[in-house]
Amino acid sequence: MAKSVASSGAAAPARPAKPFNSYLLNKCIIGYGIINGIINAVIFYLLHMGEPEALLGHADIFHDFALTGVLLGLLLFVIVVPLTRMDLRKHVFAGPNAANLGGAASLVPASYAPALLVTTVAATVTLMGVGAFACVLLPLPLTVTAMMLLKGVVCACAGGVAGYFTICYVVRSGKSEA
């Protein structure tokens, strides 16, 4: 009778590392984008469910987006850095050579505090920019439900950008230890 791999004590074969771009797209679009957008929309709704008749104008929307952008950038960076370092250490993805990162990734400093600042500014600018563009297209003032939907979409965009900058920081800093 043949022994199974699990009972023989042999370790399961390791998964091959994902290509960097595949890892980056998956994390930024799904995890830090769409899921972040849903979470922010739900939080907004929970904060405002007691005032369903409220209408939000330009000042209300931009005040909310500015605060959200700063918090999103800071929190996402602080949470994602250790997770990405763990993935890098476990070879979940094949990190590119930091010198090969081009485009916006070259704007990310290799030290923690400056990278945190750059990521926070990028998230806030993205949130404000996409939000401003959407406000030009939408009839204002917005209801709580409309603002919740807008916030979800805009936070998904900003979360994807913040996730990209954060992952690039981890790769540029070259630190895979926790």
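Tutor: Start with Cys157, which is partly exposed at a relative accessible area of 35%. Keep in mind that this is a predicted model.

Student: Why is Cys157 called partly exposed?

Tutor: Buried means under 20%, and exposed means over 50%. Cys157 has 35%, so it counts as partly exposed.

Student: What about Cys155: is it buried or exposed?

Tutor: Cys155 has a relative accessible area of 0%, so it is buried.

Student: How many disulfides does the whole structure have?

Tutor: The search finds zero. Cys155 is in none, its nearest cysteine sulfur being that of Cys157.

Student: What is the overall layout of the chain?

Tutor: The chain has four helices and four strands. Along the sequence they follow the pattern β-α-β-α-β-α-β-α. Of its 178 residues, 37% are buried.

Student: What makes a set of residues here a nonpolar core?

Tutor: The members must be buried, of listed types such as Leu and Met, and joined through side-chain atoms within 4.5 Å. The largest such core has 41 residues. Met147 and Leu150 have the most contacts inside it.

Student: Which elements give two or more residues to this core?

Tutor: They are helix 1 (20–48), helix 2 (58–89), helix 3 (112–137) and helix 4 (144–173). Helix 4 gives the most, with 14 residues.

Student: Which residues does Met147 touch, leaving out those up to four places away in sequence?

Tutor: Met147 touches Phe44, Leu56, Ile61, Asp64, Phe65 and Leu142.

Student: Asp64 is on that list. Where is Asp64 found?

Tutor: Asp64 is in helix 2. With neighbours within four places set aside, Asp64 contacts Phe44, Met147 and Lys151.

Student: Why is Asp64 called buried?

Tutor: The limit is under 20%. Asp64 has a relative accessible area of 18%, so it is buried.

Student: What makes Lys151 and Asp64 a salt bridge?

Tutor: A side-chain nitrogen of Lys or Arg must lie within 4 Å of a carboxyl oxygen of Asp or Glu. Here the N to O distance is 2.8 Å, and the pair is a Lys with an Asp. Lys151 is in helix 4 and Asp64 in helix 2, 87 residues apart, so the pair links distant parts of the chain. Lys151 is buried too, at 6%.

Student: How many salt bridges does the structure hold?

Tutor: It holds two. The other pairs Asp87 with Lys27, with closest N and O atoms 3.9 Å apart. The cut-off is 4 Å, so 3.9 Å passes. Asp87 lies in helix 2 and Lys27 in helix 1, 60 residues apart.

Student: Are those two partners, Asp87 and Lys27, buried or partly exposed?

Tutor: Asp87 has 12%, so it is buried. Lys27 has 25%, so it is partly exposed.

Student: What else is centred on Lys27?

Tutor: Helix 1 has a kink there, of about 30°.

Student: How far apart are Ile29 and Gly160 in sequence and in space?

Tutor: They are 131 residues apart in sequence and 5.7 Å apart in space, C-alpha to C-alpha.

Terms used:
Residues numbered from 1 in each chain as written. Predicted model: local features only at pLDDT ≥ 70, side-chain atom pairs only at ≥ 80, totals over all residues. Heavy atoms only, no water. Buried < 20%, exposed > 50% of the residue type's maximum accessible area, 1.4 Å probe, protein only. Contact = heavy atoms within 4.5 Å. Disulfide = S-S within 2.5 Å. Bend = angle between axes of the 7 residues up to and from the residue.
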